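Subject: Structure handover and notes

Dear colleague,

I am passing on the structure below, followed by my notes on it. Please read the notes with the model open beside them.

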Amino acid sequence: MHQHTRAARTGTRPSSTSRAAFRHGKTVVAAVLGATLLLATAGCSTAAGAGDGGKTVLKVYGWKGGDAEPANISEINDAFEKANPDIDLQFEFVPANDKYTQRVQPELLAGNAADVIMTDSAKVQDWGSSGYLEDLSSSDWTSNVRSEVTPFIQNAGTTYALPMEVIGISLYANNDLLKKAGVDSVPTTWPEFEAALQKAKDAGITPLSLPNKGGWTGSSALNAIAASLVYKQNPDFDQQFLDGKASFSSWKTSAQQLMDLQSKGFVNFADELGVDEWTTGISDFEAGKSAFYVQGAWNQSAFEKAGLNDSFIPWPAETSGASNANLFVGTMWSVNAASKVKDAAEKYVDFWADSANASPFLEAENAVSPFSNGTSPSTPATKAFVDTVDAGDYRILPSNTWFSAAGEKVMQQEVQALWLGQQDIDQTLQNLDKKLAPTG
């Protein structure tokens, strides 16, 4: 759903001793030969070997942890090695999305992938059902995972991954522009949001940017609204939809709120469809070109570095009272079922379950802890969002069900068609019912 580029943190793997050298060497005492062969076999393990000083070599793959957005993974890896001096951790960055899958899946099939691999909810379903991932159900941390997160780390009731983060997709506000427009605080309700947008417009400030060339922002905005207007009243909508007991017709008020933004002159959808959400959209908001903007919490670190005075808040959909925060379950750690050093691999996964160990990653991502007993980092910019989650007012995008990668694409296309005027709200919602319904 969001992309990061990473560089590798590498180590030099020691070469294995050839068994042939023993077969053609001098005859030795049987006991010595047996011991030597045992050492040779250990040296030839798929992802393990005797490192310097006889350390266990632990290989880890991730699509996070590089130069562009390091997310403090290197710092956490160093802490792990310090706490486990008998383990030589070798971390390798593998580019995200298709490149990651194209590299890792064939290695899993061949049995020579890394001992620990970064996964997400889709990979847990795919690789878990294929037998590539180790069963982690007996791990102590499983009982502390937020109940709403648990389905994302399981396949058929078996836990295959440790969740690293739950991260927000919601509304950013440029506090300096709002102050210039005479808005003293970020809105918490829909009437306050409309008033702030109008004041920004009256002051000659672009009220809201929703760059939507690829369809991501429109879908994300609709989901951020529905997090309150649908899921406050029916938190079980996702399961009910899968069971044929709920319809996207219940999203009509959410879709109407989105379309009202255009009818009231706060945004021009035709213009927004020509703006790329991952390049121009981000840089434009960072440059102070709009009062409000929809994106993921992971951008907050970059905005902060750029000196932007902003706030990341729940979309203020409700006419009164608290609105829900919109979240999705991000990256995870899984253990390769073919690993020869599973004890070391599980130590690494368990290390991330400790809130103190994982906090540098959560801080870099501006993410929320996936554990009920975890600590979520908060800054002045993210405090309102984190406080909302801590109060239990949140909804998690169902990326493991109808909002899978394919389902997300369907919603993106339907919202774009709505924005283009090719269909009305009712037709859009009917299309979602038809195209997102489970098959089989």
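Strands β6 and β12 pair in the antiparallel sense over two bridges, where strands are DSSP runs of E with at least two residues and helices are runs of H or I with at least four, both numbered from the N terminus, and where two strands count as paired if DSSP finds at least two bridges between them. Within this pairing, P163 has M332 of β12 as its bridge partner.

Before going further, please note that this is a predicted model, in which local features need pLDDT of at least 70 and side-chain atom pairs count only at pLDDT 80 or more, while totals for chains, interfaces and linings use all residues. Residues are numbered from 1 along each chain as its sequence is written, and side-chain values use heavy atoms, with hydrogens and water left out.

Strand β12 (residues 332–335) also pairs with β3 (residues 116–119), in the antiparallel sense and over four bridges, and here V116 stands opposite V335. In a regular strand the side chains alternate between the two faces of the sheet. In β12 both faces are covered, since M332 and S334 on one side and W333 and V335 on the other are all buried; buried means under 20% relative accessible area, exposed means over 50%, and partly exposed lies in between, with a 1.4 Å probe and protein chains only.

Turning to charged pairs, a search of the whole structure finds 13 salt bridges, each defined as a side-chain nitrogen of Lys or Arg within 4 Å of a carboxyl oxygen of Asp or Glu. One of them joins K64 to E165, with the closest N and O atoms 2.6 Å apart. This pair links distant parts of the chain, 101 residues apart, with K64 in the loop between β1 (56–62) and α3 (73–83) and E165 in the loop between β6 (162–163) and β7 (166–174). Both K64 and E165 are buried.

Another salt bridge is formed by E92 and R103, whose closest N and O atoms are 3.1 Å apart. Because E92 lies in strand β2 (residues 87–93) and R103 in helix α4 (residues 98–110), the pair ties together parts that are 11 residues apart in sequence. R103 forms a salt bridge with E107 as well, at 2.6 Å between the closest N and O atoms, and these two residues are separated by about one helical turn because they are four residues apart in α4. R103 is partly exposed at 28% relative accessible area, whereas E107 is buried at 16%. Through shared partners, salt bridges join K59, E92, R103 and E107 into one network.

Finally, the loop between α15 (355–365) and α16 (383–390) contains S369, and T375 is found in that loop too. S369 is buried, with a relative accessible area of 3%, while T375 counts as exposed at 53%. Leaving aside neighbours within four places in sequence, S369 is in contact (heavy atoms within 4.5 Å) with R146, V166, L362, G374, T375 and S376.
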